[in-house]
Amino acid sequence: MRGKRPEGFGKYSETGILNYPLYIARRIAPRQRGRGGTPAVKVAVAAVALSVAVMVAAIAVVGGFKREITAKVTGFNAHISMYALPQEDDDNLIALTPSMRQILDEVPYIRDYSLQISMPAIFKTRSDFQGIYLKSLEGAGITDFIRGNLVEGHIPDFSNDSNRNRVVISEITARRLGLKTGDRIDTYFITDNVRVRPLKIAGIFNSHFDTYDKVYAYGSQALIQQLAGIRHDQGTSIAIQTDAISNIAEYSDDLNRVMARALASGMIYRPVSIDNALNQGAGYFNWLSLLDTNVAVVLTLMTFVAIITLISGLLIIILDRKRFIGLLRALGAPASRIRHIFLYLSVKIALLGMLIGNVVMLGLLWAQDKWHFLHLDPEAYYIDFVPVEVSWLPMLLLNLGVVIVIYLSLILPSWFVARISPAETLRYE
């Protein structure tokens, strides 16, 4: 009958018996020119794969840097540090009294705490010397951190009096003074009177944080307290480890309120000051925030590369299938359904590229995390290898976001199908 649209395509789409755009997209998937598809499709797949691989690598590397730098800053400074506020005609020592222990034990987010003490000293050899701060190696946090950065020797059990005169020094100090494990070093402690102790080097560490490595060495808390002439429960700070480094700003504010109430109730006798690793390592965390900006730029640029390449590939595929489109239009297929064919085809190409990019890059990241074959200059990056951290939620959100952005960006060029005339295409040879 004149003016009646041919059936076939219409009845399937209306009854839902067959989603023919998806079916046709599968049938014309770029396999007709070899297993790899047309050159345009190969380029599109490669571009998406490369873009996704770069985005995955950027997120993983920045995550790795954040993990490593945060671990180093909190390793030297603890999550939260508590100091005694200096008062007139008084020292700045803080006491870990039974009342203080009771207060800290009742705070739910505190995982561990320990008394810390440090004092200035000078390492002296026959030909050279170096000023350092000798810190007590107490608490699981700092002990595990130094153990994880040991390059030679071991960490003594400082609770044993026989290890009181042993010390762990940095590789920078050992190299400058020509020392190795087992050597003895004359150490001059600067108190009211200069005191000398020969200390034996038990271990050498290297955190690649030269700012800290140059000035810190670690030894027995009992020795430092004895030389400083203070009680066993007194120190320069209390190092506190919490259950979540991401919440230490909120925890610091809350702990300030807890200690203020304790002072008002008489449980402690002097005010205290609360500081945290975010403030103490502000320079490092500001540097990490710049990396976040770089990642945002990389993600944006790589997304644009993938989108532009896919749009170009889609237009080439449409032009390559011009007669096919004209035939479908002549058979009565609406332009909107034909558009869906090429949208499905483009999304399939994008998903193939994303699969390749994810598999290849995640494999490389796994190898880097295991063997550290990519190295860095520790003087510039504070780490001697490229750190990576694969967090599955950010990776999932990244891939989901890429799929959505690519699909939305392909809607506009797919409208080009509606401009193709069936009469012109069927005349074309």
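Q: Strand β10, residues 216-219: which residues cover its faces, and on which side?
A: This is a predicted model. In it, Tyr-216 and Tyr-218 sit on one side of β10, with Ala-217 and Gly-219 on the other. Each of these four is buried, and both faces are covered.

Q: What joins β5 to β10, and do they run parallel or antiparallel?
A: Four bridges link β5 (residues 129-136) to β10, and the two run parallel. Leu-134 stands opposite Ala-217 there.

Q: And β7, parallel or antiparallel to β10?
A: Antiparallel, with two bridges between β7 (residues 166-170) and β10. Val-168 has Tyr-218 as its bridge partner.

Q: Moving on to α8. What caps its N-terminal end?
A: Ser-220 does. One of its side-chain oxygens lies 3.3 Å from the backbone nitrogen of Ala-222.

Q: Which α8 residues are buried?
A: In α8 (residues 221-228), Gln-221, Leu-223, Ile-224, Gln-225 and Leu-227 are buried.

Q: What about phi just after α8?
A: Gly-229 takes a positive phi there, about 70°.

Q: New topic: the largest nonpolar core. Which residues touch the most other members?
A: Leu-310 and Phe-342, out of 41 residues. Helices that each supply at least two residues of this core include α3 (39-77), α11 (282-320) and α13 (335-371).

Q: What does Leu-310 touch, leaving out residues up to four places away in sequence?
A: Ala-44, Val-48, Ser-346, Ile-349, Ala-350, Ile-406 and Leu-410.

Q: Which residues are in the other core?
A: That one lies apart and has 27 residues, among them Phe-158, Val-168, Phe-205 and Ile-383. Val-168 is also the bridge partner of Tyr-218 in β10.

Terms used:
Residues numbered from 1 in each chain as written. Predicted model: local features only at pLDDT ≥ 70, side-chain atom pairs only at ≥ 80, totals over all residues. Heavy atoms only, no water. Buried < 20%, exposed > 50% of the residue type's maximum accessible area, 1.4 Å probe, protein only. Polar contact = N/O pair within 3.5 Å; in protein donor to acceptor, adjacent residues only side chain to side chain. Pairing = 2+ DSSP bridges. Core = buried A, V, L, I, M, F, W, Y, C linked by side-chain atoms within 4.5 Å. Contact = heavy atoms within 4.5 Å.
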